[in-house]
Amino acid sequence: MTVSTRRSGPRKSLGQHFLADSRIAARIVDAAELESADTVVEIGPGRGFLTRRLVERAGRVIAIELDARLCAELPSRLGFPDNLDCVLADAREADLPALSRSVQGLSDSGYKVVGNLPYYAANPIIRRTLESRPPPSRALFMVQKEVADSMTAPPGSMSLLSVATQYYAEARTVCSVPPNAFRPPPKVRSAVVRLDLRERPAVDTPDAQAFFDVVRAGFSAPRKQLHNSLGHGLGIEPRLAATLLEQASIDGRRRPATLSLQEWASVCAAWQDTKPEMIYRAD
């Protein structure tokens with residue numbers, strides 16, 4: 001099938017808002033701390049505004065683009081740089097480390113991830129990046145400001161996304177991005193978040209699945225007191241959830257947003273220790 005190279009406008013169905021502010025692009029590249037030996041996986045290169053700067057600084061750039069026309073146009077837009085590979089794929093499903101290795105032809109290599117994420121797909125792409133094995137050493141994501149605030153939130157304002165992000169990475173906001181930095185301008189503000197991936201999770205847990213089963217249960221009713229939301233999520237009575245929280249030295253009247261990662265790990269450990277008994281007593 002031949003893909004037309006006629007330039008097209010942004011597609012609303014793909015949430016396309018193209019970065020057009022050179023100062024923001026420079027902030028992203030600087031925060032990525034790129035070196036000539038680095039491999040960068042760029043998610044959503046669009047028209048290549050940021051890609052152009054990445055290929056100037058990195059040894060290899062692998063651009064993942066869901067729009068077939070933009071993917072076909074990208075090399076010519078940038079003058080066919082030797083260190084650019086364009087891959088037509090959905091970043092929500094792509095195996096980032098495998099893709100990096102296959103393009104490089106190497107058995108094992110580190111990589112970094114950079115992306116201006118469409119708002120509708122940001123959470124699954126962030127999750128896929130965090131859970132990649134091996135993970136990137138660093139990721140720079142442009143996301144809606146509310147998402148950035150959630151990723152970097154301290155205890156008291158945390159969400160499931162906060163816990164997931166900080167379990168796998170150290171997160172900080174690089175800069176805020178106004179709507180007029182994009183073409184066309186979105187209706188909301190954005191922000192750039194830097195994630196430095198941890199070699200080990202932030203807290204010791206039996207395994208990630210067990211930990212997040214408990215965290216998801218806790219946030220199943222985030223506005224309720226923890227003994228109610230946790231009981232709802234785990235399928236046990238609130239009084240049993242309160243007993244579980246006492247064993248973890250957590251006040252069951254607290255809200256899920258107030259717990260630190262270490263406190264969630266304590267709840268997880270208590271649940272693993274008492275789960276059979278709790279289920280039996282609930283029945």
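Biologist: At the start of α3, which backbone nitrogen does a side-chain oxygen of D67 reach?

Modeller: Bear in mind that this is a predicted model. A side-chain oxygen of D67 comes to within 3.0 Å of the backbone nitrogen of R69, at the start of α3. After the helix comes G79, whose phi is positive, near 80°.

Biologist: Which residues of helix α3 are buried, and against which elements do they pack?

Modeller: In α3, which spans residues 68-77, the buried residues are L70, C71, E73, L74 and R77. These buried residues pack against β1 (18-19), α2 (49-57), β3 (60-65) and β4.

Biologist: Where does D90 lie, and is D90 buried or exposed?

Modeller: D90 sits in the loop that connects β4 (84-88) to α4 (96-104). Because its relative accessibility is 16%, and buried means under 20%, D90 counts as buried. Its side chain makes a polar contact with the side chain of R92, at 2.9 Å.

Biologist: How many residues does the largest nonpolar core have, and which have the most contacts inside it?

Modeller: The general idea is that nonpolar side chains tend to be buried together in soluble globular proteins. Here the largest nonpolar core has 60 residues, and V143 and F211 are those with the most contacts inside it. Helix α11 (residues 261-282) supplies the largest share of this core, seven residues. Beyond its neighbours within four places in sequence, F211 is in contact with residues including V163, Y167, L261 and W264. Another core, of 27 residues, lies apart from the largest one, and I24, V40, L50 and C175 are among its members.

Technical notes:
Residues numbered from 1 in each chain as written. Predicted model: local features only at pLDDT ≥ 70, side-chain atom pairs only at ≥ 80, totals over all residues. Heavy atoms only, no water. Helix = DSSP H or I, 4+ residues; strand = E, 2+ residues; numbered from the N terminus. Buried < 20%, exposed > 50% of the residue type's maximum accessible area, 1.4 Å probe, protein only. Polar contact = N/O pair within 3.5 Å; in protein donor to acceptor, adjacent residues only side chain to side chain. Core = buried A, V, L, I, M, F, W, Y, C linked by side-chain atoms within 4.5 Å. Contact = heavy atoms within 4.5 Å.
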